[in-house]
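Please keep the sequence and the structure open while I talk.

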Amino acid sequence: MISKHSHEQSDRGEGVEVVQNEPYEDPNHGNGQLTEKRVYLNSKLPSWARAVVPKIFYVTEKAWNYYPYTITEYTCSFLPKFSIHIETKYEDNKGSNDSIFDKEAKDLEREVCFIDIASDEIPERYYKESEDPKYFKSQKTGRGQLKEGWRETHQPIMCSYKLVTVKFEVWGLQTRVEQFVHKVVRDILLIGHRQAFAWVDEWYDMTMDDVREYEKNMHEKTNIKVCNQHSSTVDEIESHAKART
């Protein structure tokens, strides 16, 4: 789902370039998968943000997937005080575990935000009726359509719990940037999980080998769309970052 979404969102030199996607072993979490990406998104920034960043820049995403636990981190080379850290835990329930992150977030101020993939509104420019869980019906699984009260009646059901921490330690912009990023992250999670449900017939029968082969092919196609525009600018970006540091 992530590979397909990245491909759809990449065009004319903007989007997601996959740098690596390989097995990874952690002493605490066991075997998993490490993925590193560069996300080019200048045109998607609000005008006030474009005014303070280089014309071309990228955000680095690193993700460690030890399903049912994952860690995702975002950093920006020319903004050393900016970071996004997302921990994810998956459980087979309808969002009823209120203490799932108590250990990780005991010293943090938290706002709990519940995302309903069927009922919550998404930005109009991203809406597709074919990806609307209220209307989608899976041919392979029989799941859907998700009408009001679906969480109480549909099986199987799983909740993706996210602990999102945003830091931007720049005086005068900190609160504005952190609030903006939290809103963007929420929209991305809502859209992505709607797509995961609406695309179920594409991935439902896949083995893990099928998934890796699909990822490999899709990453190659996406990198072609993105990197042709940026191959001559990466050195420029890194030089700019060093100069600012």
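Lys 216 counts as partly exposed, because its relative accessibility is 44%, where buried means under 20% relative accessible area, exposed over 50%, and partly exposed in between, with a 1.4 Å probe and protein chains only. Its partner is Glu 220, and the two form a salt bridge in which the closest N and O atoms are 3.1 Å apart; by salt bridge I mean a side-chain nitrogen of Lys or Arg within 4 Å of a carboxyl oxygen of Asp or Glu. Glu 220 is likewise partly exposed, with a relative accessible area of 42%. Both residues belong to helix α6, residues 208-230, and they sit four residues apart, about one turn of the helix. Helices (H or I, at least four residues) and strands (E, at least two) are DSSP runs, numbered from the N terminus.

Before going further, a word on the source: this is a predicted model, in which local features need pLDDT of at least 70, side-chain atom pairs count only at pLDDT 80 or more, and totals for chains, interfaces and linings use all residues. Residues are numbered from 1 along each chain as its sequence is written, and side-chain values use heavy atoms, with hydrogens and water left out.

By the salt-bridge rule, the count comes to twelve. One of the pairs is Lys 94 with Glu 152, whose side chains meet at 2.6 Å, N to O. Lys 94 lies in the loop between β5 and α3 (150-153), while Glu 152 lies in helix α3, so this pair ties together parts that are 58 residues apart in sequence. Glu 152 counts as exposed, at 56% relative accessibility, and Lys 94 as partly exposed, at 38%.

Which side chain does Arg 194 meet in a salt bridge? The partner is Asp 132, at 3.9 Å, N to O. Since Arg 194 is in helix α4 and Asp 132 is in the loop between β5 and α3, the pair ties together parts that are 62 residues apart in sequence. Here both partners are buried: Arg 194 has a relative accessible area of 4%, and Asp 132 has one of 1%.

A cavity, on a 1 Å grid over the protein atoms alone, is a set of points where a 1.4 Å probe fits but cannot get out, and lining residues have an atom within 4 Å of a point. A search of the whole structure finds one cavity of 30 Å³ or more.

Now to a charged residue without a salt bridge. Glu 36, in strand β2 (residues 30-40), is buried yet has no salt bridge, and the nearest side chain of opposite charge, Lys 62, is 4.4 Å away; Lys and Arg count as positive and Asp and Glu as negative, with His and the chain ends not counted. Leaving aside neighbours within four places in sequence, Glu 36 is in contact (heavy atoms within 4.5 Å) with residues including Val 18, Gln 20, Thr 60 and Lys 62.

The nonpolar interior comes next. A nonpolar core is a set of buried Ala, Val, Leu, Ile, Met, Phe, Trp, Tyr and Cys residues joined through side-chain atoms within 4.5 Å. The largest has twelve residues, among them Phe 82, Ile 84, Val 166 and Val 181, and the elements that give two or more residues to it are β5 (79-91), β6 (159-168) and α4 (174-198). A second, separate core of ten residues includes Ala 118, Phe 197, Trp 199 and Val 200. Val 181, in helix α4, is buried, with a relative accessible area of 9%. Beyond its neighbours within four places in sequence, Val 181 is in contact with Phe 82, Ile 84 and Val 166. Val 181 and Ile 84 are 97 residues apart in sequence, yet 8.6 Å apart in space, C-alpha to C-alpha.

Finally, the overall picture: the protein has seven helices and six strands, and 41% of its 245 residues count as buried.

Terms used
1 Å grid on protein atoms, 1.4 Å probe; cavity = no way out; pocket = protein on both sides within 12 Å on 5 of 7 lines; lining within 4 Å. Points joined across faces, edges and corners; volume = space filled by probe spheres on them.
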